[in-house]
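Welcome! Take a moment to turn the model around on your screen, and then let us walk through it together.

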Amino acid sequence: MALAEDKVREALKQVIDPELYVNIVDLGLVYVISVGDENEEGRHDVKVEMTMTSPMCPAGPQLVAGVKGAAEGMDEVESCEVKVVMEPPWSQDMMTDDARDHLGIF
């Protein structure tokens, strides 16, 4: 059975920004999730494009490693490539209502 993007996105919610204590999906840091074709073992290669809250984010390497680990920890995933992009730049408008509530942003 093909792996759906939303299942990967749900798995990435376990990656928490260590400064804001909100998952990276609700923060709006994950832009694109591409799921490759199923291989002979029934697994997929996944590509993730994400951003940081700022270009010099000190948690960047930790977040990238967390995304790779969360995706590759899924039974259906063979490998995960993570690309950090800065376009479009992240803004608070990209956060979910849950993230805004957690951070007290109204």
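Which residue in S3 does lysine 47 stand opposite? Glutamate 81 is the residue that faces lysine 47. Please keep in mind along the way that what you see is a predicted model.

S2 (44-50) and S3 (77-84) run parallel and are joined by seven bridges. Another link between them involves histidine 44, whose bridge partner in S3 is valine 77. On its other pairing, S2 meets strand S1 (residues 30-35), and here the two run antiparallel, with five bridges between them. If you look for valine 32, you will find it opposite glutamate 49 in S2.

Now look at the two faces of S2. His44, Val46, Val48 and Met50 make up its covered face, while Asp45, Lys47 and Glu49 lie on the uncovered one. Lysine 47, where we began, is therefore on the uncovered face.

From the strands we can move on to helix H3. Together, S2, H3 and S3 form a β-α-β unit, and this unit is right-handed. H3 takes in residues 60-72, 13 residues in total, and its first and last C-alpha atoms are 18 Å apart, close to the 18 Å expected at 1.5 Å a residue. Its buried residues are Gly60, Leu63, Val67, Ala70 and Ala71. These residues lie on the same side of H3, because they cover an arc of only 100° around the axis. An α-helix has 3.6 residues a turn, so residues three or four places apart point the same way. And what lies over the buried residues of H3? The cover includes helix H1 (5-12), helix H2 (24-27), strand S2 and strand S3.

Next, visit the loop between H1 and H2, where glutamate 19 is found. Glutamate 19 is partly exposed, its relative accessible area being 46%. Leaving aside residues up to four places away in sequence, glutamate 19 touches Cys57 and Pro58. Glutamate 19 and proline 58 are 39 residues apart in sequence, and their C-alpha atoms are 9.4 Å apart in space.

Finally, step back to a wider stretch of the chain. An unreviewed UniProt entry carries the annotation "domain: MIP18 family-like" for residues 5-84. That span is 31% helix and 26% strand, and its end C-alpha atoms lie 18 Å apart.

Terms used
Residues numbered from 1 in each chain as written. Predicted model: local features only at pLDDT ≥ 70, side-chain atom pairs only at ≥ 80, totals over all residues. Heavy atoms only, no water. Helix = DSSP H or I, 4+ residues; strand = E, 2+ residues; numbered from the N terminus. Expected span 1.5 Å × (residues − 1). Buried < 20%, exposed > 50% of the residue type's maximum accessible area, 1.4 Å probe, protein only. Arc of directions from axis to C-beta. Contact = heavy atoms within 4.5 Å. UniProt positions renumbered as here; feature names shortened; annotations may be inferred. Pairing = 2+ DSSP bridges. Right-handed = clockwise from strand over helix to strand, strands pointing away.
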